[in-house]
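Here is a brief report on one protein model. Look over the sequence and the structure first, then read on.

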Amino acid sequence: MNRNQITEQIVVARMAKGLSWQQLADAVARPVAWTTAALLGQHPIPAELGKVLIEMLGLDDSAVPILAAPPMRGGLPTAVPTDPTIYRFYEALQVYGGAIKELIHEKFGDGIMSAINFSVDVHKKPHSSGDRVVVTFDGKFLPYQWISADDQ
C-alpha cells in the first residue's frame with residue numbers, strides 16, 4: 001500500500017464514520033490544520049499518534065509506518081490549481097503576493113517567512129454580509145545570510 005492509497009482510505013473512512021477533522025485532531029492533541037494536512041499526506045505522523053488515528057478510522061495497522069515516514073510534500077495535480085478553494089489562494093497570492101513580500105522586507109529585512117517553522121489556523125467569522133473565512137499563516141522569519149566560501 002502506498003501513501004496515496006492510505007490517504008484515500010482515510011478520507012473515505014472519516015466520512016463513513018462521521019468523524020470531523022477536529023475530532024481526529026483532538027484525539028491526538030494536535031492542531032486541526034496540522035492533523036488534517038498530516039492525514040492528507042503532508043506531514044509524517046509519529047507512530048504512537050498514527051496508531052490512535054488508524055484505530056479511530058478502522059484502518060489496518062500496516063498504514064502506521066507509512067504515515068510515520070517523511071512524505072513528499074507539496075505538489076498539486078496541475079501547475080495552476082483547478083479546485084476553486086485552492087485556486088482562490090493562488091489568485092490572492094497573485095494579487096497580494098508582491099505586496100506581502102514588500103511588507104515582510106520592510107518590517108523584518110531581507111528574508112522569508114518559513115513554511116517549515118509554521119502554523120496555520122482557519123476560523124469562521126460571522127459578518128452581516130455573510131460569514132467570513134479568516135486564515136492566519138504564522139511563520140518564523142528567516143533572514144537571508146550570505147556566507148562567503150572563506151567563512152565556511
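Predicted model: local features only at pLDDT ≥ 70, side-chain atom pairs only at ≥ 80, totals over all residues.

## A charge over a ring

A charge counts as sitting over a ring if NZ of Lys or CZ of Arg is within 6 Å of the ring centre and within 35 degrees of the ring normal. Arg30 lies over the face of Trp34, at 4.7 Å from the ring centre. Trp34 itself is one of the buried residues of α3.

## The nonpolar core

The largest nonpolar core contains 19 residues. Ile10, Leu24, Leu39, Ile45 and Leu57 have the most contacts inside it. Five helices each supply at least two residues of this core: α1 (3–17), α2 (21–28), α3 (32–39), α4 (47–57) and α5 (63–68). The most comes from α4, which gives four residues.

Take Leu57, one of the residues with the most contacts inside the core. Residues up to four places away in sequence are set aside here. Leu57 then touches Ile10, Ala13, Arg14, Lys17, Leu19 and Leu24. Two of these partners, Ile10 and Leu24, are themselves listed with Leu57 among the residues with the most contacts inside the core.

Ala25 belongs to helix α2. Its relative accessibility is 0%, so Ala25 counts as buried. Apart from neighbours within four places in sequence, Ala25 is in contact with Arg30, Pro31, Val32 and Thr35. Arg30 is also the residue that lies over the face of Trp34. Ala25 and Thr36 are eleven residues apart along the chain, and their C-alpha atoms are separated by 7.6 Å.

Ala29 sits in the loop between α2 and α3. Its phi is near 55°, a positive value in a residue other than glycine. Ala29 has a relative accessible area of 68%, so this residue is exposed.

Which residues of α3 are buried? They are Trp34, Thr35, Thr36, Ala38 and Leu39. Their cover includes α1, α2 and α4. Leu39 is also named among the residues with the most contacts inside the largest nonpolar core.

Gly41 follows α3 and has a positive phi, near 100°. It is found in the loop between α3 and α4. Is Gly41 buried or exposed? Its relative accessible area is 8%, so Gly41 is buried. Not counting residues up to four places away in sequence, Gly41 touches Arg3, Thr7, Pro71 and Met72.

## Helix α6

Helix α6 covers residues 84–108. Where does α6 bend? The bend is at Tyr96, by about 60°. Asp83 caps the N-terminal end of the helix. One of its side-chain oxygens lies 3.0 Å from the backbone nitrogen of Thr85. Just after α6 comes Gly109, with a positive phi of about 105°.

Leu103 is found in α6. With a relative accessible area of 42%, Leu103 is partly exposed. Leu103 and Ala79 are 24 residues apart in sequence. In space they are 26 Å apart, C-alpha to C-alpha.

## Aromatic pairs

A pair of aromatic rings is described by the distance of the centres and the angle of the planes. The structure holds four such pairs. Two are described here.

Phe108 and Phe141 have ring centres 5.0 Å apart and planes at 20°, so the pair is stacked. Phe108 lies in helix α6 and Phe141 in strand β2 (residues 132–143), so the pair ties together parts that are 33 residues apart in sequence. Phe108 is exposed, with a relative accessible area of 53%. Phe141 is partly exposed, at 21%.

The rings of Phe118 and Phe137 have centres 5.5 Å apart. Their planes stand at 55°, so this pair is tilted. Phe118 is in strand β1 (residues 111–125) and Phe137 in strand β2. The pair links distant parts of the chain, 19 residues apart. Phe118 has 31% relative accessibility and counts as partly exposed. Phe137 has 45% and also counts as partly exposed.

Definitions and conventions: Residues numbered from 1 in each chain as written. Heavy atoms only, no water. Bend = angle between axes of the 7 residues up to and from the residue. Polar contact = N/O pair within 3.5 Å; in protein donor to acceptor, adjacent residues only side chain to side chain. Core = buried A, V, L, I, M, F, W, Y, C linked by side-chain atoms within 4.5 Å. Buried < 20%, exposed > 50% of the residue type's maximum accessible area, 1.4 Å probe, protein only. Contact = heavy atoms within 4.5 Å. Phe/Tyr/Trp six-rings, centres within 6.5 Å; stacked < 30°, edge-to-face > 60°.
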